[in-house]
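Let's take a friendly walk through a protein and the DNA beside it. Have a look at the picture below, and then we will go through it piece by piece.

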There are 2 protein chains.
Amino acid sequence: MLAIAYAPERQETPTRHTPHTASDGLVKRPFEGLDGGAVRVVNAKDHVFREGDPASHVYIVEAGHLCIYRVLPDGRRQVMDFAYPGDIVGLGAIEAHGTNAQATERTRVRCFTLGDLREKAHDNGAFCMALYSAMSQELVAARELVVTVGHRTATEKVASFLLALSRRNARRGTSPNELVLPMTRSDIADFLGLTIETVSRTFTKFRHDGVIDLEQCVLVTIRDPRKLADLAGGTASGKWNA
Amino acid sequence: MLAIAYAPERQETPTRHTPHTASDGLVKRPFEGLDGGAVRVVNAKDHVFREGDPASHVYIVEAGHLCIYRVLPDGRRQVMDFAYPGDIVGLGAIEAHGTNAQATERTRVRCFTLGDLREKAHDNGAFCMALYSAMSQELVAARELVVTVGHRTATEKVASFLLALSRRNARRGTSPNELVLPMTRSDIADFLGLTIETVSRTFTKFRHDGVIDLEQCVLVTIRDPRKLADLAGGTASGKWNA
DNA sequence: CGAAGGTTTGACATTAGTCAACTCCGGTGG
DNA sequence: CCACCGGAGTTGACTAATGTCAAACCTTCG
């Protein structure tokens with residue numbers, strides 16, 4: 001059965017109003033409950049799957065990182081997500097994949113056929129729930145990304161991106177203020193709906209303002225998390241704030 | 001069981017590359033297989049549920065339209081979707097709703113508790129598949145919206161919005177060239193990540209260019225579908241085209 | 001050492017946002 | 001019945017943010 005149980009069932013109260021506080025993109029959590037499966041290693045820039053490929057498997061990242069993206073007919077690219085170790089990718093495709101999954105570096109994934117999944121789901125309610133939850137998280141992440149690319153300034157976009165990475169680190173027990181960026185500026189730009197120049201300039205601005213340190217383009221140290229949060233929040237952009 | 005079966009299971013071929021052609025936003029299809037449930041009528045501007053409400057029900061729109069949106073702490077608003085009759089809303093929330101669902105006009109919905117859903121899913125594989133498919137469509141729609149707000153110009157955004165409505169009409173058997181907009185300019189602007197002024201100007205431009213007719217701000221007639229598609233596609237924006 | 005790819009920086013162009021005025025329409029009440 | 005009012009939409013002038021183009025700079029890798 002599809003595990004959508006457990007939420008309390010009461011009538012909606014049409015009164016209260018609880019706007020969400022700034023949730024981060026990249027909200028996904030490690031996917032638990034799947035083991036076995038075939039290991040596959042993909043080199044940097046190789047694809048685990050591409051748009052249009054039959055959706056035969058889902059994958060769990062074991063080491064390395066994947067860049068999940070779509071390309072438009074004219075070549076523009078939108079990065080949808082970055083998959084970290086523990087993340088499950090490929091869920092939600094019905095017949096064919098609607099995205100590409102490219103390794104940003106040499107990456108190891110574990111592959112599970114949809115048959116595996118179905119079988120496991122058949123006799124394991126908790127696993128079902130985990131699957132449902134994973135899809136929900138994808139949806140939440142996608143919606144968060146919509147908000148980011150649609151309604152935030154370049155400063156806010158980059159700041160909230162860094163904060164999201166920081167929170168992900170925190171959840172995984174690594175230092176929240178030492179970020180290693182496993183993706184290129186181009187990936188970041190295409191994720192946030194900016195150009196690489198704007199991303200680069202924004203990083204530089206943050207560095208000059210003492211918010212971050214930057215080494216070798218890839219190692220970010222957050223010096224002033226408080227200020228970074230301000231920059232991400234929207235009150236700091238100069239427009240928008242009441 | 002969770003119905004994620006039926007896709008052919010073969011090894012990925014890492015060679016082929018099939019970029020998607022312009023898929024539209026608002027891809028969702030009427031949800032089949034649920035009947036019964038309590039009827040609820042909400043007046044224009046009233047909410048079916050709000051951010052933070054416990055996720056107790058899902059809803060199927062029977063008449064009228066809903067505007068699904070999120071608000072940021074500082075008041076900015078991102079419209080995520082417009083729900084039409086036959087659409088299911090509220091799926092994907094785990095504990096609490098992450099979005100608001102507001103009626104753009106007097107609207108009738110049918111309410112189902114998650115218990116209803118679970119029960120039905122328990123002994124009906126096809127229904128399970130429908131649920132999974134509905135969530136996948138939400139995800140696809142959210143991703144399409146990311147592409148639209150992230151990488152398209154104002155012209156492209158409005159054009160693809162109109163095209164999406166047109167296709168939706170076509171799928172539902174109504175005229176693809178006679179669109180009734182059940183939402184305000186403000187809703188459209190917050191959907192596309194634009195201001196109402198820009199939306200208005202773009203409509204005006206389309207009208208002057210003979211692409212559409214516009215009556216009473218609410219009735220759009222597509223006069224030149226071909227050109228509208230061009231405008232939406234990206235090749236017509238003046239930048240981006242190789 | 002040289003080439004290639006990624007990154008940074010600068011000067012400039014352009015898009016879309018901002019602010020403000022005006023119009024249009026529907027509803028309400030004298 | 002008509003005048004007024006308010007909300008939504010339109011239009012215009014101006015501004016600011018971000019994209020564009022071009023060049024220089026680093027690293028890495030052969």
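Helix 5 of chain A supplies the largest share of the surface near DNA strand C, namely five residues. Here a residue is near a strand if one of its heavy atoms lies within 4 Å of it. Helices (H or I, at least four residues) and strands (E, at least two) are DSSP runs, numbered from the N terminus.

Before going on, a word on the source: this is a predicted model, in which local features need pLDDT of at least 70 and side-chain atom pairs count only at pLDDT 80 or more, while totals for chains, interfaces and linings use all residues. Residues are numbered from 1 along each chain as its sequence is written, chains are lettered from A and ligands numbered from 1 in the order in which they are written, and side-chain values use heavy atoms, with hydrogens and water left out.

**DNA strand C**

Around DNA strand C there are 20 residues, and A:Arg185, A:Thr204, B:Ala154, B:Thr198 and B:Arg201 are the closest. At least two residues of this surface come from each of helix 4 (185-192) and helix 5 of chain A and helix 5 of chain B. Sorted by class, the surface near DNA strand C has four nonpolar, eight polar and eight charged residues. In this sorting, Ala, Val, Leu, Ile, Met, Phe, Trp, Tyr, Cys and Pro count as nonpolar, Asp, Glu, Lys and Arg as charged, and the others, Gly among them, as polar. Of the atoms of DNA strand C within 4 Å of the protein, 68% belong to sugar or phosphate and the rest to bases.

**DNA strand D**

Which residues come nearest to DNA strand D? Of the 19 residues around DNA strand D, they are A:Ala154, A:Thr198, B:Arg185, B:Arg201 and B:Thr204. Helix 5 of chain B gives the most to this surface, with five residues. The classes near DNA strand D are four nonpolar, seven polar and eight charged residues.

| Side chain | DNA atom | Distance |
|---|---|---|
| A:Arg201 | base nitrogen of DNA strand C | 2.9 Å |
| B:Glu197 | base nitrogen of DNA strand C | 3.1 Å |
| B:Arg201 | base oxygen of DNA strand C | 2.8 Å |
| A:Arg201 | base oxygen of DNA strand D | 2.9 Å |
| A:Thr195 | phosphate oxygen of DNA strand D | 3.3 Å |
| B:Arg185 | phosphate oxygen of DNA strand D | 2.9 Å |

**A sheet in chain B**

Now let's turn to a sheet. Four strands of chain B form an open sheet in the order 2-7-4-5, with antiparallel pairing; two strands pair if DSSP finds at least two bridges between them. Its edge strands, strand 2 (47-49) and strand 5 (77-83) of chain B, each pair on one side only.

Strand 7 (residues 100-103) of chain B holds B:Gln102, and B:His47 stands opposite B:Gln102. Is B:Gln102 buried or exposed? B:Gln102 is buried, because its relative accessible area is 17% (buried means under 20%, exposed over 50%, partly exposed in between, with a 1.4 Å probe and protein chains only). Leaving aside residues up to four places away in sequence, B:Gln102 touches several residues, including B:Lys45, B:His65 and B:Arg77; contact means heavy atoms within 4.5 Å.

How values were computed
A polar contact is a pair of N or O atoms within 3.5 Å; within protein, one must be able to donate a hydrogen and the other to accept it, and residues adjacent in sequence count only if both atoms are side-chain atoms.
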